[in-house]
Amino acid sequence: MLLVMHDQEGAGAPDNFERLWTPHRMAYIKGENKPTGTGPGDGCPFDAIPEMSDEDGLVVARGESVYAVLNLYPYNSGHLMVVPYRHVSDYDELTPAELVELGEFTQKALRALRKASGAQGFNVGMNLGHVAGAGIAAHLHQHVVPRWGGDTNFMPVVARTKVLPQLLRDTRQLLADAWG
């Protein structure tokens, strides 16, 4: 394919890069929907989501003490989180019942992702505290990120861009149906 580059006043020298614009990421970069403090009444989205419908909150499944929700800023399609309803910041603050259900929901998430998307592997874990990389450190949440052979290709490695092939609402429905 032959690319013809045209000079554009005020834009500098043209290059041969194609642009994949992802303006929805600006909300994450600017910290929209981040809590204003550390308490349960300080705007925590993990406290607000259970009050929403499953579709509006992107909730995949609800339990007695935890729920599974899609990540609004996913690393891969199907990236979800298991979140306790109770506003706690550290793993050692979970009650025995919360701890058991968090583990059971993590297992169900793995099964549902394998069934719905054929995931070949997973990254599962928590970032506890801001210094550990937690975007919302005040409310504990466990990430479950599905992986496939070849899902790290030139786009994220070279272009620093993630291409997600499915809308979040469609992914939520597939996983809710596969939850079992």
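Biologist: How many aromatic pairs does a search of the whole structure find?
Modeller: This is a predicted model, in which local features need pLDDT of at least 70 and side-chain atom pairs count only at pLDDT 80 or more, while totals for chains, interfaces and linings use all residues. Residues are numbered from 1 along each chain as its sequence is written, and side-chain values use heavy atoms, with hydrogens and water left out. Rings of Phe, Tyr and Trp (its six-membered ring) pair if their centres lie within 6.5 Å. Across the whole structure the number of aromatic pairs is two.

Biologist: Are the rings of Tyr67 and Tyr85 stacked, edge-to-face or tilted?
Modeller: Planes under 30 degrees apart count as stacked, over 60 as edge-to-face and the rest as tilted. The ring centres of Tyr67 and Tyr85 are 5.2 Å apart and their planes are at 35°, so this pair is tilted.

Biologist: Where in the chain do Tyr67 and Tyr85 lie, and how many residues apart are they?
Modeller: Helices (H or I, at least four residues) and strands (E, at least two) are DSSP runs numbered from the N terminus. Tyr67 is in strand β2 and Tyr85 in the loop between β3 and α4, so the pair links distant parts of the chain, 18 residues apart.

Biologist: How many residues apart are Phe105 and Trp179?
Modeller: Phe105 and Trp179 form a tilted aromatic pair, 5.3 Å centre to centre with 55° between the planes. This pair links distant parts of the chain, with Phe105 in helix α4 and Trp179 in the segment after α6; the separation is 74 residues.

Biologist: Which residues of helix α6 are buried?
Modeller: Helix α6 covers residues 168-178. Seen down its axis, the directions to the C-beta atoms of the buried residues fall within an arc of 135°, so these residues line one face of the helix. The buried residues are Thr171, Arg172, Leu175 and Ala178.

Biologist: What relative accessible area does Val69 have?
Modeller: Val69 is found in strand β2. Its contacts, not counting residues up to four places away in sequence, include Ile49, Leu58, Leu80 and Val83. The C-alpha atoms of Val69 and Leu80, eleven residues apart along the chain, are separated by 5.5 Å. Val69 counts as buried, with a relative accessible area of 1%.

Biologist: What is the phi of Leu58?
Modeller: Leu58 sits in the loop between α3 (54-57) and β1 (59-62) and is buried, at 9% relative accessible area. Most residues other than glycine have a negative phi. Leu58 is not a glycine, yet its phi is positive, about 60°.

Biologist: What volume does the largest cavity have?
Modeller: On a 1 Å grid over the protein atoms alone, a cavity is a set of points where a 1.4 Å probe fits but cannot get out, and lining residues have an atom within 4 Å of a point. The lining includes Ser89, Met126, His139 and His141. Grid points are joined across faces, edges and corners, and the volume is the space filled by probe spheres set on the points. The largest cavity comes to about 30 Å³.

Definitions and conventions:
Buried means under 20% relative accessible area, exposed over 50%, partly exposed in between (1.4 Å probe, protein chains only). On a 1 Å grid over the protein atoms alone, a cavity is a set of points where a 1.4 Å probe fits but cannot get out, and a pocket is an open set with protein on both sides within 12 Å along at least five of seven lines; lining residues have an atom within 4 Å of a point. Contact means heavy atoms within 4.5 Å.
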